[in-house]
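Take a look at the model below. Then read this short report alongside it.

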Amino acid sequence: MLKLSIQDITLNQAHQDKQSAIAFLADQLTNKGLVESNYLSGMQAREAQNSTFLGNGIAIPHGTTDTRDLVKQTGVAIAHFPNGVDWGDGNTVYLAIGIAAKSDEHLGILKQLTKVLGDDGVEQALQNAKSAVQIISLLNGETQFNIDFDASHIQLDFPASDMIQMAAVSAGLLKNSGSVGTEFVADIVAKTPTHLGQGVWLVSSNKGVNKTGMAFVTTANQCQLDDKSVSALITFAGCNDAHRKQLGIVTELVANKNIASLIGKSANDLIALFTPDAETGIDVATQTNEETAANSAVFKIRNAHGLHARPGAMLVACAKKFDSAITVRNLDSDSKPVNAKSLMKVIGLGVKHGHQLEFIANGDDAGLALEAIGSAIQSGLGEG
């Protein structure tokens, strides 16, 4: 399988346009002995057919099927453009992966990049990357952008009789999920939490943290700390800034004197509150039929291999051009509506040739968005 490595990366490149950038990558592939010198013509022809921009500042220029005979050995050349390169259609590329492939090895790279293309923060991180190690970490999905918080980090109505037990339970939840180690547990238990008001407390630590995470624990008992009631404890484990959004939500609840509203929420409600959709901030489940009925459309996928990463990225790129919140559901599966602007979620629908997708758009440009999506699907999403 074709894999990306730090040896493939050339840092701090500057090019005025994508033609110059692609020519540079073709030279790199040639110098590495991967392709014949005229492979550039194939890369230019492929780019002329459809843009190789994938999203999140990443492009994968490669040759056409007609120029595969010019490939001596499968491989890649990666160029980092910290100042960005205009890739057309308003897209800026900070990392271009030039691919020389004898067959469909590039599909493995697309699969590897799927998670990266769906994460907020990747584009800026690529722009600001200072080393090849940082870039490979980003491409491998090893850099955390979203906090670890799910049902395994929530314990409701635990029969705790004091704050130490609450702290131990919350730290234990994070440890059991692999977010933290024993050093974190010991530090949390020894700390005195901060009272946010209305019986809700907060404690945090950066010791022994593997991944930034959050835990939420409530107690079924009546207990106190410093003559103040203890009903719930929020625990943050931080090793980066992936918890900024969640901390902001807590801060807003405190400012509005509504922090007690957390106590009566179910686990699902807490997850929906603290991990809303990363790109729209809208929980699609809250949309009513009245809100959505007037702006919906169903389109059949024409692509022979369904929505793999390439056409999926084209679909997402089309949806992102509009301000409206757009959801999509695969009518030929049991899938629920997902954010049409998230590549990970679109790919996760498992769309095959002939499947029908239902799109729902809400916003001032909803009609235009559905019309553009329909046209993109009809044209083959970059695959003809």
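Gln198 lies in the loop between strands E7 and E8. Helices (H or I, at least four residues) and strands (E, at least two) are DSSP runs, numbered from the N terminus. This is a predicted model: local features need pLDDT of at least 70, side-chain atom pairs count only at pLDDT 80 or more, and totals for chains, interfaces and linings use all residues. Residues are numbered from 1 along each chain as its sequence is written, and side-chain values use heavy atoms, with hydrogens and water left out.

Is Gln198 buried or exposed, or in between? Gln198 is partly exposed, because its relative accessible area is 41%. Buried means under 20% relative accessible area, exposed over 50%, and partly exposed in between (1.4 Å probe, protein chains only). Leaving aside residues up to four places away in sequence, Gln198 touches Lys257, Asn258, Ile259, Ala260 and Ile263. A contact means heavy atoms within 4.5 Å. Thr143 is 55 residues from Gln198 along the chain, and their C-alpha atoms are separated by 36 Å.

Now the sheet. Five strands form an open sheet with mixed pairing, in the order E6-E9-E10-E8-E7. Strands E6 and E7 are the edge strands, and each pairs on one side only. Two strands pair if DSSP finds at least two bridges between them. Neighbouring strands here are turned by 20° against each other on average, direction ignored. Helix H8 packs on this sheet and touches E7, E8, E9 and E10. The direction of H8 makes about 155° with that of E10. Axes are lines fitted to C-alpha atoms, for helices over the stretch in contact, and angles run from 0 to 180 degrees between N-to-C directions.

| Element | Residues |
|---|---|
| strand E6 | 154-158 |
| strand E7 | 194-197 |
| strand E8 | 200-205 |
| strand E9 | 213-225 |
| strand E10 | 228-237 |

E8 and E10 pair in the parallel sense over six bridges. Val203 stands opposite Thr235 in E10.

Next comes Asp187, in helix H7 (residues 182-190). Asp187 counts as buried because its relative accessibility is 14%. Not counting residues up to four places away in sequence, Asp187 touches Ser205 and Lys207.

Finally, the whole chain. The chain has 13 helices and 14 strands. Of its 384 residues, 48% count as buried. Along its principal axes, the C-alpha trace spans about 80 × 50 × 30 Å.
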